[in-house]
Amino acid sequence: LDLKNLQSFKMELTRFMMTYKFALDEMETKIKILQEEFEYVHEHNPIEHIKCRLKSPESIFHKVLRKNYPLSLSSIKTHIKDIAGIRITCSFLSDIYTLSEMLQNQSDIRVLEVKDYIKHPKANGYQSLHLILELPVFMTDRTEHVCMEVQIRTIAMDFWASLEHKIYYKYDAEVPDHLLRELKDAADSAAALDRKMEGIHHEIDNLKKRKEIQDESQFKQ
Ligand code: 0O2
């Protein structure tokens, strides 16, 4: 590439990446609106935290090479669905599916794919609900339909995934079988903890509702 071509490619790439940043901003706002209204209506905040990330150009480039896709912006747009990524950490298992339904029901969002690694965990124990969504971004001269990956998980799933990622990141040799089994055991323990907390949450909710009905009937007498 000569200097002029390089500069025009850089401008094109920056503009390309901007659309993903705008889509992330839009999605973050959508999630915050759901969070705020949900908390007001149900007196319970379903979200612990939200993390947005844009894949770096280097990491996009590596993925294109790894998967043998053609190296052009239009091929990247078609094939790489996780340039924009949002990770939502929820309090309880049921919050994951409630939130996922609420997002999937929004009329400007198109659902391209749902990967439920909670109902069907990966062999290593990884759990999360992944949604590949597309939403419109209104630019100065056009509308772009932008893809993104939304990962929804509980605190326990996030704890496991973050540490597993770190363990592999620091260790680039083959992982011995007994360690793989221990990691899988740890994922099973995290899942059991999630089920236990969900049960407690559900029972306390029922107690609260029963108390509210009792208080109401006493007030009427
Ligand atoms: P990062 O750093 O989080 O961006 P592909 O996207 O093609 O590589 P696939 O099967 O299409 O793979 O996507 P999949 O399985 O939905 O997983 C994509 C993302 O999920 C990963 O992104 C991770 O964030 C997360 N993930 C999937 N499997 C695991 C796992 O076993 N352990 C952990 N810790 N995370 C996992 P990236 O781009 O690999 O990484």
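This section describes the helices, the nonpolar cores, the ligand shell and selected backbone features of a predicted model.

The protein has an average pLDDT of 92, and 99% of its residues score at least 70. For the complex, the predictor gives an ipTM of 0.91 and a pTM of 0.90.

Helix H1 (3–42) consists of 40 residues, and the distance from its first C-alpha to its last is 58 Å, close to the 58 Å expected at 1.5 Å a residue. Buried positions in H1 are Tyr-20, Ala-23, Leu-24, Met-27 and Ile-31. The buried residues of this helix pack against strands E1, E2, E4 and E5. After H1 comes Glu-43, which has a positive phi, near 50 degrees.

Helix H6 (residues 177–220) has 44 residues; at 1.5 Å a residue these should span 64 Å, and the separation of 65 Å between the end C-alpha atoms therefore agrees with the expectation. H6 is hardly covered, with a count of 3 buried residues among its 44. The buried residues are Ala-187, Ala-190 and Asp-194. Helix H4 (93–104), strand E5 (143–154) and helix H5 are included in what covers them.

The largest nonpolar core contains 25 residues, of which Ala-23, Met-148 and Val-150 touch the most other members. Two or more residues are given to this core by each of helix H1, strand E2 (84–90), helix H4, strand E4 (129–138) and strand E5. With neighbours within four places in sequence left aside, Val-150 is in contact with Ile-86, Ile-88, Leu-103, Leu-131 and Leu-133. Another core, of 6 residues, lies apart from the largest one; among its members are Ala-156, Ala-161, Ala-187 and Ala-190. Ala-187 and Ala-190 are also among the buried residues of H6.

The shell around the ligand is formed by Asp-82, Gly-85, Lys-115, Lys-122, Asn-124, Tyr-126, His-130, Ala-161, Glu-164 and His-165. Helix H5 (residues 155–170) provides the largest share of this shell, 3 residues. By class, the shell comprises 2 nonpolar, 4 polar and 4 charged residues.

Two residues other than glycine were examined for their backbone angles. Most residues other than glycine have a negative phi. Glu-43, in contrast, has a phi near 50 degrees, a positive value. This residue lies in the loop between H1 and strand E1 (47–54). Glu-43 is classed as exposed because 8 other C-beta atoms lie within 10 Å, the limit for this class being 12 or fewer. Asn-68 likewise has a positive phi, near 65 degrees. The loop that holds Asn-68 runs between helix H2 (57–67) and helix H3 (73–79). Asn-68 is exposed because it has 7 other C-beta atoms within 10 Å.

Thr-78 is located in helix H3. With 12 other C-beta atoms within 10 Å, Thr-78 is exposed. Thr-78 and Val-146 are separated by 68 residues in sequence, while their C-alpha atoms are 10.0 Å apart in space.

Definitions and conventions: Residues numbered from 1 in each chain as written. Predicted model: local features only at pLDDT ≥ 70, side-chain atom pairs only at ≥ 80, totals over all residues. Near = placed C-beta within 6 Å. Helix = DSSP H or I, 4+ residues; strand = E, 2+ residues; numbered from the N terminus. Nonpolar A, V, L, I, M, F, W, Y, C, P; charged D, E, K, R; others polar. Expected span 1.5 Å × (residues − 1). Buried ≥ 20, exposed ≤ 12 C-beta atoms within 10 Å, placed from the backbone. Contact = placed C-beta atoms within 7 Å. pLDDT = per-residue confidence, 0-100. Core = buried A, V, L, I, M, F, W, Y, C linked by C-beta atoms within 7 Å.
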